[in-house]
Amino acid sequence: MRNRRCRLLCLLSIILYFVTLSAPVYAAAPGNGKPAGSAGPEETTTDLPSDANRLYHIPEDMIIYIPIRPLVEQLGGIIEWNSADSSILIISPDGRKISHVPETRVLYINGTQTDAALLSVLQNGVTYFPVPLINQLLGNNAEYDDAANTVTLSSPAPETDQTMLELKRSSELDFYLSENLFRYMDYLTLHPEYALSRAIAYVNAGVDQPFFSNLREIDDPESTLVLCNKHHILPTDYEPDDLTYLSGTAQRLRSEAAAAYEKMKKEAASEGYWFTVYSGYRSYSTQKRLYERYAAVDGADGADDYSARPGHSEHQAGLAIDISAGVREAELGHTETFRWLSENAYRFGFILRYPDGYSEITGYQYEPWHWRYVGIEAATIMHDEQIPTFEEFCGKYLIAR
Ligand SMILES: [Zn+2]
């Protein structure tokens, strides 16, 4: 027994091989950090990162523990830490979503709870999984060879799935949020047509959730950068305290937005363009009346396309204007005035809030008349980086940072 125990302790310096017909060989020599053994012509060897460069085992039950992060990455999966609930998020090489809180028995595999037979171990910030758990999760077949003093893990060949590759690239984006890993995976699978950075921003902004399904009350309604849409709702009683009348109208906006509007209108006039505002600030109760009137005619689904439910309107925030340029609403987008606004409004802090072709993101049909004040800095970033929706801007610049 003593001999055997001694040999088991020698595991601390064993070489770890992952051998399959096509997968690379993965070797770690904890002693000196150098790859050990000779790699065959179709094999490569890789060192484990130094902080995870240790295997350990419990001699009594002969269980071998392996640092899970480099293992998952080597096998072609993705692993992240979710600080919100101290869990590990793993996407296995075959695309399953696995979450686990270290040192508990609870595992979720594609959302279904399963109990782990053995606990994982967290030591110095490194999570170690016992080999039987690795087999359970990653579909390997791990074998310990006593004579050779090696562990062999065979695994399926790493996936070259496009979504997986995109997802790996996305971690380089500075607005990538590791806790959103599974949602990114689902959204990229559902929308391969979106550019990677755009899809990641959309998830950050919450637009991967169905409208009205996961409402969050806005806690800073005073901010000129407030995101108010079918996912974020203003407090019922919110009313700005600095509403200011726009010259020549009975409409009001927050004072900062009103000043920006006057400046914009003046410059447009000096270049020969005219427009006016027929709707600015609207209270919760006004919006409620409006929406109910539309819903009575078109049903809720129909009204939702063009009218905000009470609490979901930017007009209640005192930051949105509906513009008229003397033509019918449907014609506005074809006028020279609209062209001028499209090219210049950002310099005054206004954006076209519901652009053509983005109703899946904004929740509204194309509205060439509805302009939103977000401030010059945000509007300029959106203009310069060609970010068409405020949702994308928020997912890149506000929510993630
Ligand atoms: Zn409007």
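1. A crossing of two helices is left-handed if the near helix is turned anticlockwise from the far one by less than a right angle, and right-handed if clockwise. By that rule H4 and H5 cross in the right-handed sense. Helices (H or I, at least four residues) and strands (E, at least two) are DSSP runs, numbered from the N terminus.

2. On provenance: this is a predicted model, where local features need pLDDT of at least 70, side-chain atom pairs count only at pLDDT 80 or more, and totals for chains, interfaces and linings use all residues. Residue numbers start from 1 along each chain as its sequence is written.

3. Helix H4 covers residues 162-170 and helix H5 residues 181-190; their axes come within 10 Å and cross at roughly 130°. Axes are lines fitted to C-alpha atoms, for helices over the stretch in contact, and angles run from 0 to 180 degrees between N-to-C directions. That angle makes H4 oblique to H5. For the cut-offs, under 35 degrees is roughly parallel, over 145 roughly antiparallel, 65 to 115 roughly perpendicular, and the rest oblique.

4. From H4, Thr163, Glu166, Leu167 and Ser170 meet Tyr184, Met185, Leu188 and Thr189 of H5. Contact requires C-beta atoms, placed from the backbone, within 7 Å. By class, this contact has 4 nonpolar, 3 polar and 1 charged residues. Ala, Val, Leu, Ile, Met, Phe, Trp, Tyr, Cys and Pro count as nonpolar, Asp, Glu, Lys and Arg as charged, and the others, Gly among them, as polar.

5. The open sheet has 5 strands in the order S4-S5-S6-S7-S8, with antiparallel pairing. Pairing requires at least two DSSP bridges between the strands. S4 (78-82) and S8 (112-115) are the edges; each has a single partner strand, so one side of each lacks a neighbour in the sheet. Neighbouring strands are turned by 25° against each other on average, direction ignored.

6. S6 (residues 97-100) pairs with S7 over 3 antiparallel bridges. His100 stands opposite Leu107 in S7. The two strands form a hairpin with 5 residues between them, and Glu103 in the turn has a positive phi of about 65°.

7. S7 (residues 106-109) pairs with S8 over 4 antiparallel bridges. Leu107 has Thr114 as its bridge partner in S8, and Val106 stands opposite Asp115. This hairpin has 2 residues between its strands; Asn110 in the turn has a positive phi of about 50°.

8. Asn204 sits in helix H6 (residues 196-205). Asn204 is buried, with 26 other C-beta atoms within 10 Å. The cut-offs are 20 or more for buried, 12 or fewer for exposed, and partly exposed in between, with C-beta atoms placed from the backbone. Leu398 lies 194 residues from Asn204 along the chain, yet their C-alpha atoms are separated by 9.4 Å.

Technical notes. Two residues are in contact if their C-beta atoms, placed from the backbone, lie within 7 Å.
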